[in-house]
Amino acid sequence: MISIVRSNRFAFLKNTSKPTRFLCSHHLIDHASTEFQEVIRIVTSHIGGLDDLEENLNQVSVSPSLNFVTQVIDSCKNETSPRRLLRFFSWSCKSLGSSLEDKEFNHVLRVLAEKKDYTAMQILLSDLRKENRAMDKQTFSFVAETLVKIGKEEDAIGIFKILDKFSCPQDSFTVTAIISALCSKGHVKRALGVMHHHKELVSGNELSVYRSLLFGWSVQRNVKEARRVIQDMKSAGIAPDLFCYNTMLTCLCERNVTRNPSGLVPEALNIMLEMRSYKVQPTSLSYNVLLSCLGRTRRVKESCQILEQMKRSGCEPDTASYYFVVRVLYLTGRFGKGNQTVDEMIERGLRPERKFYYDLIGVLCGVKRVNFALQLFEKMKRSSVGGYGQVYDLLIPKLCKGGEFEKGRELWEEAMSLGVTLSCSIELLDPCATEVFKPVKKKEEAALVDRRALNLKIRPKMDRAKPKVKPKPKRRRSKTKKNI
């Protein structure tokens, strides 16, 4: 549009009839833009059903083009339901007829797959077959992955078997796509069936297929089968890469979280030793898999040892590594050690994102250690990561409901001075309006101590009141022979 304005500006200097032509073209552009906005309003409207949608579209004087249909779909896909998008596309097909190309059908099918609307996908797939449209390979990969995610893996395999009816070939790409889709949700046996039926098509993509199989067994936490895939790769002359070993490590650690927590460290270190023997160096991602599982099982000592081992081995810990260690320290009451670990991370030049502070401040508030949460918040502000509003909204109610109204007011005034918009109410700062939670647990403990002391006082008196009773002597049975 800028080029049109410039060309007409210079034409205006030569001929006075040019401005009229420019105004007409500008009017046409505005009119098209108005029609476009009207169609978007109709498609995204929540009033009326699908028949009402089509009736309203018929009342708009617009002749849709290929570019127009794609723009409307892209503009409305996040604002309305997939069924309304499909009905608009069906209306466009009636208007445009055979002028619609296959790429438009594929684009709409990918949008419906992204929205995970199974019925809408089935309707459009049926239309593709009726009109002899071609589905490209990337669209099939997207559709197969979505069908498996929503629990329709049988439909994904069914479409793969009749790809020729969609003018899509069964080649190396599509075979790898269906295997990857099935393994993403742990359907490894079905993927193996596809692999054995199309062995000749897998050649050249063996590494991708082995990666998918390994990931599928990892989803099932089947360490034995995952180990077998690693051995098959070595037998076939394919060296497992970092992704394969990290997937194997994930499978092993996740299994040990529930079955053998004490075996987390030794078995994971054996995997890392094997990695080094094949010249694959473990990265921080490899160690983070182990640290995450150690934190879930509250293995504090081993978590700290693994962090130190990372530094000694030359693998620099990242912010995720420190996060897992600090989190387990806070959860187990080692607040001083946790703060020292955060300081060490900052001294090493790491600058965590705001989510790092959000999660850890939330952990400290969850274990009722608001004073340590305030210390961590100060470190967050010194790092200048921004996004302090959520932290103020968490800490101010915690402080006020804990009876620390002065500190809560200080944080409120600090937030106002920084221009932070708070979602919590200012009424929290009023002691008359805010209910303070009293430490009921301490009263219960005091009552329990009084009860124990009372029992100790009563017990000696009862012992003194009891008379001592001499034990009766046991009677010996006389051994007499009976006369027969």
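When I call a residue buried today, I mean that its relative accessible area is under 20%. Please also keep in mind throughout that what we are looking at is a predicted model.

With that cut-off in hand, let me start at cysteine 253, which has a relative accessible area of 1% and therefore counts as buried. What is the closest cysteine sulfur to the sulfur of cysteine 253? It belongs to cysteine 293, and the distance between the two sulfurs is 4.8 Å, which is too far for a bond. A disulfide would need the two sulfur atoms to lie within 2.5 Å, and by that rule the count for this model comes to 0 disulfides.

Helix 15 covers residues 242-259 and helix 16 covers residues 264-277, and their axes come within 10 Å and cross at roughly 170°. Angles over 145 degrees count as roughly antiparallel, so helix 15 is described as roughly antiparallel to helix 16.

Let me turn now to the aromatic rings, where the count comes to 10 aromatic pairs. In one of them, phenylalanine 89 and phenylalanine 105 have ring centres 5.0 Å apart and planes at 85°, so this pair is edge-to-face. The pair links distant parts of the chain, with phenylalanine 89 in helix 5 (residues 82-96) and phenylalanine 105 in helix 6 (residues 102-115), 16 residues apart. Phenylalanine 89 is buried at 1% relative accessibility, and phenylalanine 105 is buried too, with a relative accessible area of 2%. Elsewhere, Tyr323, Phe324, Phe356 and Tyr357 form one aromatic cluster.

Finally, a word on the backbone. Most residues other than glycine have a negative phi. At 48% relative accessibility, lysine 116 counts as partly exposed. Arginine 221, not a glycine either, has a positive phi of about 60°, and is found in the loop between helix 13 (206-219) and helix 14 (223-235). Arginine 221 counts as partly exposed, at 35% relative accessibility.

Key:
Residues numbered from 1 in each chain as written. Predicted model: local features only at pLDDT ≥ 70, side-chain atom pairs only at ≥ 80, totals over all residues. Heavy atoms only, no water. Buried < 20%, exposed > 50% of the residue type's maximum accessible area, 1.4 Å probe, protein only. Axes fitted to C-alpha atoms, helices over the stretch in contact; angles between N-to-C directions. Helix = DSSP H or I, 4+ residues; strand = E, 2+ residues; numbered from the N terminus. Parallel < 35°, antiparallel > 145°, perpendicular 65-115°, else oblique. Phe/Tyr/Trp six-rings, centres within 6.5 Å; stacked < 30°, edge-to-face > 60°.
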